[in-house]
Structure formats: structure tokens, C-alpha cells
Amino acid sequence: MASLRLLLASLVLSSLLCSTYANVLFSSLKRTLIVTASPPQGAVLKAGVDKITVTWGLNQTLPAGTDSAYKTIKVKLCYAPISQKDRAWRKTEDKLSKDKTCPHKIVAKPYNSANKTVQSFEWLVERDVPTATYFVRAYALDSAEDEVGYGQTTDVHKATSLFQIQAITGRHTTMDICSICFSAFAVVSLFGFFFNEKRRAKKGEK
Ligand SMILES: *[C@@H]1O[C@H](CO)[C@@H](O)[C@H](O)[C@H]1NC(C)=O
Ligand SMILES: *[C@@H]1O[C@H](CO)[C@@H](O)[C@H](O)[C@H]1NC(C)=O
């Protein structure tokens with residue numbers, strides 16, 4: 001009983017917390033950052049072995065003050081559309097809080113508006129990155145951690161400068177299947193909880 005109350009309390013709390021997040025739409029963001037990544041178009045990198053060098057900086061031809069709200073730059077590895085086909089969990093959503101295109105964080109760094117030189121970061125492709133085709137995107141976040149600008153290595157159609165990452169053999173499918181099983185399990189056990197509770201409540205009444 002206590003655990004059920006705890007479960008309910010945390011569900012309510014988490015939905016409250018979630019609803020306080022701003023619903024930033026990707027389509028509302030300006031492309032203000034220039035982002036590059038080292039792998040050439042079509043390169044095949046190995047997870048856990050190869051490195052990517054990412055650079056980012058403000059597009060200097062934009063009007064002064066474009067970056068006045070920028071506090072942090074968050075760089076992410078994103079699935080290209082080709083890797084989203086038949087994989088609903090990698091889906092693109094305009095509402096960024098629901099977008100699953102860019103699940104892998106590469107780095108987050110404070111934005112220094114006094115130093116607009118191009119920044120760079122070398123990233124060892126993490127071992128748990130699944131086999132897929134990718135590009136790199138950077139978001140500029142404001143002090144509330146909301147996205148206020150972006151830049152990416154590929155064009156608007158996400159067709160250019162794509163590269164592949166090859167997972168450590170056999171790992172990616174297992175990981176994907178695991179995450180599906182886990183969410184199915186979570187839903188089923190939640191239903192189980194409620195059903196059980198209802199039955200008990202009915203018994204209690206009699
Ligand atoms: C930089 O901004 C200008 C003006 O909006 C735009 O024409 C240009 O394509 C941008 N450059 C890059 C590399 O995004
Ligand atoms: C600007 O940033 C670059 C890259 O991080 C750094 O090497 C350089 O020293 C910085 N310049 C100033 C004036 O802070």
C-alpha cells in the first residue's frame with residue numbers, strides 16, 4: 001500500500017514537473033550556430049574506438065545581439081532520417097521535449113559571449129551508441145535551459161554530411177530490444193498495480 005502511494009505520488013509529481021517545461025518548437029528556432037564534425041560524408045566509425053572532432057561558433061554575419069540570451073551550448077549526436085525508418089523510438093517531433101532524434105549528448109559547455117572564436121571538442125564515440133547514420137547538432141540554451149538557437153552539420157533536409165557509426169558487434173539490437181521490453185514491462189506493471197488495487201478496494205467494500 002505504501003509503495004503504491006509512493007508510486008502515485010511520484011507519477012503526479014513527475015507529470016507536474018514535466019508540464020512546467022516550456023514546449024519549444026524546433027521550427028521556431030533560428031539556425032544561428034555554425035557546426036562542423038570531422039567525419040567526412042559516408043565515413044564509418046567504430047563505437048568505443050573512433051573519435052569525432054566537433055566545432056561550433058556563432059554565425060558572425062548575423063546581427064549583433066543574436067546571442068544575447070545564450071548561456072550554454074549543448075552538442076548532440078542525432079539520427080539521420082534513414083535511421084528513423086521503422087524505429088518509432090527515434091522519431092522526430094517538432095516539440096523538442098518529445099523529440100527523440102538526438103539522444104546522445106556529446107558535450108555541454110558554457111557560452112562565452114565575449115569570446116566568439118570557434119570552439120572545438122574531441123569526442124570518443126561512446127561504446128553504447130547503436131549502429132545508425134548520424135549527424136551532429138548543437139543547441140544554444142538560455143538561462144532557463146530552453147533552446148533558443150541551433151546549428152547542425154547537415155542541411156535542412158538532413159541529407160548531406162551524414163556519417164555512420166558501427167556499434168560494438170551485436171550490441172545495438174540487444175539494446176534496442178531491451179529498451180522496448182523495459183517500457184512494455186513498465187506499462188504492464190503499472191496496469192497490474194491499478195487493477196490489483198481496484199480489486200482490493202472492491203473486496204474491502206463488501
Ligand atoms: C550565416 O547567416 C547568413 C545570414 O542569415 C546566412 O545567409 C548564411 O547562410 C549563414 N551561414 C551558415 C554557414 O549557416
Ligand atoms: C577563446 O576561446 C578559445 C577556445 O576555447 C581559447 O583558446 C581562447 O584563449 C579564448 N580567448 C579568450 C580571449 O578568452
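The following legends describe close-up views of a predicted model.

Local features are given where pLDDT is at least 70, side-chain atom pairs count only at pLDDT 80 or more, and totals for chains, interfaces and linings use all residues. Residues are numbered from 1 along each chain as its sequence is written, chains are lettered from A and ligands numbered from 1 in the order in which they are written, and side-chain values use heavy atoms, with hydrogens and water left out.

**View 1. Surroundings of ligand 1.** Ligand 1 has I34, N59, T61 and L62 around it (a heavy atom within 4 Å). A polar side-chain atom of N59 is placed 2.3 Å from an oxygen atom of the ligand, and for T61 the distance from a side-chain N or O atom to a ligand oxygen is 3.1 Å. Taken alone, ligand 1 exposes 370 Å², of which the protein buries 36% (Shrake-Rupley method, 1.4 Å probe). The shell comprises two nonpolar, two polar and no charged residues; Asp, Glu, Lys and Arg count as charged, Ala, Val, Leu, Ile, Met, Phe, Trp, Tyr, Cys and Pro as nonpolar, and the others, Gly among them, as polar.

**View 2. The salt bridge between K51 and E122.** The side chains of these two residues meet at 3.9 Å, N to O, in a salt bridge (a side-chain nitrogen of Lys or Arg within 4 Å of a carboxyl oxygen of Asp or Glu). K51 belongs to strand β4 (residues 51-58) and E122 to strand β7 (residues 119-124), so that the pair links parts of the chain 71 residues apart; strands are DSSP runs of E with at least two residues. The whole structure holds two salt bridges.

**View 3. The largest pocket.** A pocket is an open set of points on a 1 Å grid over the protein atoms alone, where a 1.4 Å probe fits, with protein on both sides within 12 Å along at least five of seven lines; lining residues have an atom within 4 Å of a point. There are 15 lining residues, and K74, L96, S97, E145 and E147 are the closest to the centre. Strands β5 (72-79) and β8 (132-141) each give two or more residues to the lining, which has eight nonpolar, one polar and six charged residues.

Technical notes:
Helices (H or I, at least four residues) and strands (E, at least two) are DSSP runs, numbered from the N terminus. A polar contact is a pair of N or O atoms within 3.5 Å; within protein, one must be able to donate a hydrogen and the other to accept it, and residues adjacent in sequence count only if both atoms are side-chain atoms.
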